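Have the viewer open and follow along.

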Amino acid sequence: MNANQTDVVESIEKKDTKINILIIDDEKNFTEEIQEFLEISGYEAFSANTAARGMEILNREEIDLLILDVRLPGCNGLDLITDIKAKNSNLEIIVISAHGDMDTVINSMRLGALDYLRKPFRHIDIQIAIQRTRKFLFLQQKLKQMEAKNSLISSSLQDRIERDFIGQSQQIREVLEMAITASKFPDTNILITGESGTGKENIARIIHYNSERKDHVFCAVNSSAITDSLLESEFFGHKKGSFTGAITDKKGFFEVSNKGTLFLDEIADMPFNLQAKILRAIEEKKITRVGETKQVSTDFRIISATNHDVEKLVGENKFRLDLLHRLNTLHIHIPPLRQRPDDIPPLLQHFVKAFSIKLKKPLPRIDQQAIRTLKQYEFPGNVRELKNMTERAIILCKGNTLGTHDFPIKSKSRSLAETDIPQLNLKENEKKLIRQALKRNDFNQKAAAESLGITRDSLIRRMKKHEINIHKIG
């Protein structure tokens with residue numbers, strides 16, 4: 001039994017999921033007494049004093065357990081069991097009777113009844129009888145919930161694909177096809193490349209939730225958002241008292257990701273001195289917590305992502321070649337939005353509809369000139385920028401049409417000198433995008449970082465690296 005299945009059983013034992021019980025007996029005082037006892041005990045209880053009324057409740061409610069008097073006026077209890085089991089073979093039945101007719105008891109058991117109680121009985125007797133059936137109910141409830149969970153994952157996955165990878169371009173179809181192929185190999189490490197905002201983490205989640213690891217954790221880590229002093233502790237965990245501030249034992253990302261997926265975003269920003277330890281953990285599938293000597297085994301799959309040219313960093317001795325080989329068994333590249341402008345209209349339509357519903361505003365039409373203008377825009381923040389831009393447009397829209405004026409971009413076509421980014425090298429590309437994002441957001445660093453799909457701390461580090469001074473940007 002895995003961790004998720006254990007959680008399901010524990011939730012049932014804690015009565016987060018109630019067991020529905022129906023009592024059918026012709027003695028009204030008896031059924032009311034038993035129903036009250038069951039409800040006080042935490043069950044969902046129903047009662048009926050005739051077979052016809054009992055069948056109505058069975059047809060209306062999802063009953064897990066039936067407590068049935070086999071001697072009802074005008075009704076053969078054995079025939080009733082046969083009819084009930086024919087409609088619901090999984091329903092558990094406890095038969096009760098004031099008569100010691102063992103032939104009837106034996107026959108009811110043969111027809112599918114699970115237990116028998118003779119009247120009069122104590123409340124504790126009915127409780128014990130219910131407890132005997134719980135293991136069967138657990139299995140059925142667990143199966144239902146696991147099937148529902150898998151169904152929700154499939155629905156959520158389909159929604160995510162439709163939400164974040166809407167498009168009609170061949171490039172996006174190839175990306176999704178590669179992701180589905182990668183998901184069939186749950187032990188293979190994958191490197192996803194692409195500019196910020198293209199959806200690298202979403203592709204990683206699609207791979208995880210389509211794989212055999214889907215019932216376990218997807219641990220997403222932004223390598224650039226962790227301070228150098230805490231990186232080793234965060235990845236490998238630590239022992240209580242191993243350093244100032246280590247007030248409890250803590251599992252690191254590698255242990256947390258056991259049997260699941262560890263997603264390392266912005267992997268190229270990982271300090272060089274930590275890369276050798278990361279490589280060793282990947283190779284051995286064993287880690288040692290800070291402050292301990294005992295190794296701990298852990299089974300994880302690595303999906304990493306970056307918007308950098310890692311091979312160029314290897315050439316500059318900023319990234320280990322052996323680590324890159326370990327991470328890059330399969331490579332998926334997501335093209336930027338400016339290279340697939342035909343995907344902009346369907347994405348825009350989707351975001352307009354989604355934000356109109358979320359913000360409770362009338363669904364506006366989109367002016368064709370606005371679409372043409374957006375298709376001319378370079379989108380340095382890619383799909384995430386289009387999404388943020390659309391949300392802003394819906395919030396500020398005062399009419400029933402979204403026009404060019406609702407989107408904060410220049411209407412003119414991109415000029416080669418300003419926007420032909422594919423001709424620039426990686427360093428100049430990133431520097432140019434940061435400068436443009438800062439100018440477009442009135443030099444608000446938080447807003448600029450959001451438009452680029454990175455954290456403010458990451459933006460500040462990159463500004464320092466590229467020697468970008470906001471006071472000197474024209």
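## Glu-467

With a relative accessibility of 71%, Glu-467 is classed as exposed, because the cut-off for that class is over 50%. This comes from a predicted model, and the residue belongs to the segment that follows α20 (456–465).

The backbone of Glu-467 is worth a look too: its phi is positive, at about 55 degrees, even though the residue is not a glycine. For context, most residues other than glycine have a negative phi.

## Lys-259

Lys-259 also has a positive phi without being a glycine, and here the value is about 70 degrees. You will find Lys-259 in the loop that links α10 (253–256) to β10 (260–265).

Is Lys-259 buried, exposed or partly exposed? Its relative accessible area is 46%, so Lys-259 counts as partly exposed, given that this class runs between 20% and 50%.

## Glu-234

Now on to a helix: Glu-234 sits in α9, which spans residues 231–236. Its relative accessibility is 18%, and Glu-234 is therefore counted as buried, the limit being under 20%.

Which side chain does the side chain of Glu-234 meet in a polar contact? The partner is the side chain of Lys-250, at 2.9 Å.

Notes
Residues are numbered from 1 along each chain as its sequence is written. This is a predicted model: local features need pLDDT of at least 70, side-chain atom pairs count only at pLDDT 80 or more; totals for chains, interfaces and linings use all residues. Side-chain values use heavy atoms; hydrogens and water are left out. Helices (H or I, at least four residues) and strands (E, at least two) are DSSP runs, numbered from the N terminus. Buried means under 20% relative accessible area, exposed over 50%, partly exposed in between (1.4 Å probe, protein chains only). A polar contact is a pair of N or O atoms within 3.5 Å; within protein, one must be able to donate a hydrogen and the other to accept it, and residues adjacent in sequence count only if both atoms are side-chain atoms.
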